[in-house]
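Here are a few friendly notes to read alongside the model. Please have it open as you go through them.

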Amino acid sequence: MKILITLLKPFSFAPAILMMYVIYSFSAQTGDVSGALSYKVSYQIVETKNEILASGKVPEQLSQEAAGIEFYVRKAAHMTEYCLLAISISLMLLAGFVCVGFAGLDEYHQSFVDARGPSVRDVGIDSCGAMIGILLVQAFCWSTLHTPSRKKSRKKRRNTQRRR
């Protein structure tokens, strides 16, 4: 088992590198392409809500409602990307520095893309997503390490070692 862990250790940053690629790919989209994607997702959300609640709204109403939530969908996407980046890095302090630094680089990168621009506010939003990811990882690790069954097995091991 230790040999397998040793062999796989160099690949431990692969998920983080993949998320960085995904973030840069989205950032490389022009403002029009990015806006169209956000609008499409927003429209799908309000259309699904309309179907589930049987509201009977016409496409013009759905379009207006989609335009109203598009900003929040875009910002939720930013937060989600950086949440996943933080989870993939999963070392609390390192994840925070890497995610905030990468968010800044990503905004700088956007300054070279047509109809896009850097935004300090987006760095803050991305950092909030990273913080949520870090907290989720920490909560998961804490909960798995502090389960009652795990404590019992640790006590049994200690007792067995003392008897020897």
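Predicted model: local features only at pLDDT ≥ 70, side-chain atom pairs only at ≥ 80, totals over all residues.

1. Helix 2 (14-27), helix 3 and helix 4 each contribute at least two residues to the lining of the largest pocket. Helix 4 gives the largest share of that lining, with five residues.

2. The volume of the largest pocket comes to about 280 Å³. It is lined by 15 residues, and Phe26, Leu37, Ser38, Ala77 and Glu81 are the closest to its centre. By class, the lining of the largest pocket holds six nonpolar, six polar and three charged residues.

3. Now to the packing of two of these helices. The axes of helix 3 (residues 31-53) and helix 4 (residues 59-89) come within 7 Å, crossing at roughly 120 degrees. Because of that angle, helix 3 counts as oblique to helix 4. The crossing of helix 3 with helix 4 is right-handed.

4. Which residues make the contact? On helix 3 they are Ser34, Gly35, Ser38, Tyr39, Val41, Ser42, Tyr43, Ile45, Val46, Glu47, Lys49 and Asn50. On the helix 4 side they are Pro59, Leu62, Ser63, Glu65, Ala66, Ala67, Ile69, Glu70, Val73 and Arg74. Sorted by class, this contact of helix 3 with helix 4 has eleven nonpolar, six polar and five charged residues.

Conventions: Residues numbered from 1 in each chain as written. Heavy atoms only, no water. Axes fitted to C-alpha atoms, helices over the stretch in contact; angles between N-to-C directions. Helix = DSSP H or I, 4+ residues; strand = E, 2+ residues; numbered from the N terminus. Parallel < 35°, antiparallel > 145°, perpendicular 65-115°, else oblique. Left-handed = near helix turned anticlockwise from the far one by under 90°. Contact = heavy atoms within 4.5 Å. Nonpolar A, V, L, I, M, F, W, Y, C, P; charged D, E, K, R; others polar. 1 Å grid on protein atoms, 1.4 Å probe; cavity = no way out; pocket = protein on both sides within 12 Å on 5 of 7 lines; lining within 4 Å. Points joined across faces, edges and corners; volume = space filled by probe spheres on them.
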